[in-house]
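I have opened my notebook for a first look at this structure.

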Amino acid sequence: MADDSSRKRKVRGRKIRSDRSGKEGRRAKKELARKASKARSQNGDSPLSDPEEVEPEPFVETDAVTSVRNRITGWLRADQPVHLIGPTGCGKTALALSAAAERGRPVVWLNGDEAVDTAALVGDHAGGERYKEDDRFVSGVSKQTEIVRERWVDNPLSVAVREGATLVYNEFSRSDPSAHNVLLSVFEEGVLERPGKRGEDRSIDVHPEFRAIVTSNDVEYAGVHEQQDALLDRFVGVHVDYHDETTEREIVDSHVDLSEADVETIVKTTRTLREDLEVVVGTRAAITAAKGLAVFEDARQNGAADGEFDDDLLTDVFMDVLAPKIAGEGPDDIEALRTQIAESV
Ligand SMILES: Nc1ncnc2c1ncn2[C@@H]1O[C@H](COP(=O)(O)OP(=O)(O)OP(=O)(O)O)[C@@H](O)[C@H]1O
């Protein structure tokens, strides 16, 4: 994403820095969201989650961000499920949620992991209700019947296809590929089969407004959790890369209360580390480092200007932020990471 495409900006949502006008703005926005939600339910839609409320984090829109988001919403309008592929922490989830919110339909959120199977997607029997009927139709003779009524509980995919929601399925490639067989008939035939369910409503007709956005890490996309081609072919794949420097600065700035010069230093350091290190250094790392530097009072050398942090502390902070990425590795690797960070800083 080019730097020059980031001039126009718009910040939506909540900033940590809060002033009176900000609070009033949020109150007005909440009120609008409440009215929108009411209007939607009166139109027959089920407000599963208010699209205004699925975006509690600040969302920065530069031209570059808006352009990717428009590609996503465009494909959704063309009734194509969208697969967002990109490195960890580059902003896929934020984009997916923003595109979903833009549609003004209810949003259903799902996180992929090993434990997600077909039942976790479509629903399951949640035990049975058991009761006894005791007939004493002839004096002295009694007939007892035990009745077990099964209770079925729908899970996110069933709810989303029925209600015409936008399904945001984060890190979907972390789930077992066989769990996704049910998605094939959803995209192909417009029908969701619920394998465990008995009776006439075993399948659900997919609502015409149902849409899906899935995200995956570009490493896992090609890794052990490879999903079946037949499914991946149904999606359009939108590749998302790290944002340009100006956008990253805007994003960090929207999350913390630091001066522009401070944010600039943090983002520059993050981008240098991204080039120099083997571990993935996403925008999330920049935000976390900025949150740390905002609270550590000894972050500055005496008399240092905005944007100048104590080198050792900057190293410590980025070390803490990135250390989880080499968790489980030996002391040599930890030391090597520290040395590399110190050199880059
Ligand atoms: N446009 C944006 N406006 C504000 N914050 C953003 C924006 N894009 C990304 N962020 C922030 O950057 C961080 C990383 O973004 P996000 O979680 O969307 O990345 P991701 O690519 O989905 O990461 P992962 O691969 O780990 O799921 C989050 O804290 C998010 O709030």
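I began with how axes are drawn: they are lines fitted to C-alpha atoms, for helices over the stretch in contact, and angles run from 0 to 180 degrees between N-to-C directions. I take helices (H or I, at least four residues) and strands (E, at least two) as DSSP runs, numbered from the N terminus. This is a predicted model, where local features need pLDDT of at least 70, side-chain atom pairs count only at pLDDT 80 or more, and totals for chains, interfaces and linings use all residues. Residues are numbered from 1 along each chain as its sequence is written, and side-chain values use heavy atoms, with hydrogens and water left out.

Entry one: helix pairs.
I looked up helix 11 against helix 12 (residues 311-322), and their axes come within 9 Å and cross at roughly 130°. Angles under 35 degrees count as roughly parallel, over 145 as roughly antiparallel, 65 to 115 as roughly perpendicular and the rest as oblique. Helix 11 and helix 12 are therefore oblique to each other.
Helix 12 also packs with helix 10 (residues 260-276), at an angle of about 55° and with the axes 12 Å apart. I therefore noted helix 10 and helix 12 as oblique too.
For helix 9 and helix 11 I found an angle of about 40° and axes 9 Å apart. That makes helix 9 oblique to helix 11.

Entry two: the ligand.
Which residues are closest to the ligand? I found Val-60, Lys-92, Thr-93, Ala-94 and Arg-284, from a shell of 17 residues around the ligand (a residue counts if one of its heavy atoms lies within 4 Å).
Helix 3 (92-103) supplies at least two shell residues, as do strand 2 (59-62), helix 9 (245-255) and helix 11 (283-295). Helix 3 gives the most, with three residues.

I saw a backbone N or O atom of Val-60 at 2.7 Å from a ligand nitrogen atom. A polar backbone atom of Ala-94 is 2.8 Å from an oxygen atom of the ligand. From Glu-171, a polar side-chain atom lies 3.0 Å from a ligand oxygen atom. Taken alone the ligand exposes 620 Å², and the protein buries 90% of that (accessible areas by the Shrake-Rupley method with a 1.4 Å probe).

Conventions. Polar contact = N/O pair within 3.5 Å; in protein donor to acceptor, adjacent residues only side chain to side chain.
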